[in-house]
Amino acid sequence: MDLNYYYLLFLFVLNAGVEVNAVALGEGDDSLLESIGASGEEACLRVARLHLARIVHRVHINNLHIVELLKDTWDITISEGTVDNILTRSAERAEAALNKIENEQLNADVLFTDATTTSVNGKQTYIRNTSTADDVLYHYMSSKSIASIKNNTPLKHFAGTLVHDHETALYHFGTEHAECNVHVLRYLKKCTEEARNTWSKDMAKLLSDINTERNACIQDGIRAFPEDKIRSVSDRYSEILCQGYEQNKKTKYQYSKKDELALLNRLSKNKQNHLLFVSDFSIPFDNNASERDLRKVKSHTKMRGGFRTEAGIKG
């Protein structure tokens, strides 16, 4: 059953005090009733509370804190091992749903992905998301290498467009690629401040303006720019890059000159990937979806410093 069902059941039983049949709590809860040493209506109430703790665990409260929550709030005594067994059983029941989400992602036209750094027992590791507008899956990886992506994510089977933040390893997956332009705008702003040339400001304006224009078209139900509009944007993009290479020759500070040239080369090499959102309105301007989906992992790492075991990070 959906975890939200248990949450609603908990509120209903707690507030109304109604009699609930244990069968309504779903398959496999008999052993759970025995483990907490209760029966009848009280057992149902306790099971509902434990399922609420299961929901709490989804926001990264560890087993010990769940035990403490149950004891301090409801005077339910239960071991960490029992909580772990409950959560493991929940994960097993969720396997079919996870497989369904994975298949839906593999059949999607556009898939968002990014990776964030965390740690397991003090060792640096990564969690990668694969996301659509409806679902997100998280994948534990020891590195961001091509081999690790192949072995730990479904991306090797994906044939659509990947939206990402200029991870070169990801170009081995999917059929098309869209790079996050919000990141590019940050780099362009930094370049303008440090190199003090005009091309980077012009490029930022081009990208921002065409995105604003595109969003207005989408609001009006327009599904694509005319071909001549797409060509004019592409031509202007190339023109700005030519100006950038010329201006870079006169950039005063060597560290700024080097960084500016690297940015110019990236924008030149990946021009199609940065402008894909112009020719295809189904492609987003940015990869903010991944930023949002990984926020929970980043918060956990910031507050707790990472994970203690691989089992914990995979759970």
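**Close-up views: salt bridges and an open sheet**

**View 1. K100 forms a salt bridge with E104, with 2.7 Å between the closest N and O atoms.** A salt bridge here is a side-chain nitrogen of Lys or Arg within 4 Å of a carboxyl oxygen of Asp or Glu. The model is predicted: local features need pLDDT of at least 70, side-chain atom pairs count only at pLDDT 80 or more, and totals for chains, interfaces and linings use all residues. Residues are numbered from 1 along each chain as its sequence is written, and side-chain values use heavy atoms, leaving out hydrogens and water. K100 and E104 are separated by about one helical turn, because they lie 4 residues apart in helix 6 (residues 95-106). Helices (H or I, at least four residues) and strands (E, at least two) are DSSP runs, numbered from the N terminus. K100 is exposed, at 52% relative accessible area; E104 is partly exposed, at 37%. The cut-offs are under 20% for buried, over 50% for exposed and in between for partly exposed (1.4 Å probe, protein chains only).

View 2. D209 is partly exposed at 38%, and K205 is exposed at 52%.

**View 3. K249 meets E246 in a salt bridge.** The N to O distance is 3.1 Å. K249 is exposed, with a relative accessible area of 57%. E246 is partly exposed, at 46%. By the rule used here, the count comes to 9 salt bridges.

**View 4. Five strands form an open sheet in the order 3-2-1-4-5.** The pairing is mixed; two strands pair if DSSP finds at least two bridges between them. Strand 3 (136-141) and strand 5 (176-179) stand at the edges, each with a single partner strand, so one side of each has no neighbour in the sheet. From one strand to the next, the twist averages 30°. Strand 2 (residues 123-131) runs antiparallel to strand 3, over 6 bridges. R128 has H139 of strand 3 as its bridge partner.

**View 5. Helix 6 packs on the sheet.** This helix touches strand 1 (110-120), strand 2 and strand 3, where contact means heavy atoms within 4.5 Å. Its direction makes about 100° with that of strand 3. Axes are lines fitted to C-alpha atoms, for helices over the stretch in contact; angles run from 0 to 180 degrees between N-to-C directions. Helix 15 (residues 295-304) also lies across strand 1, strand 2 and strand 3, at about 10° to strand 1.
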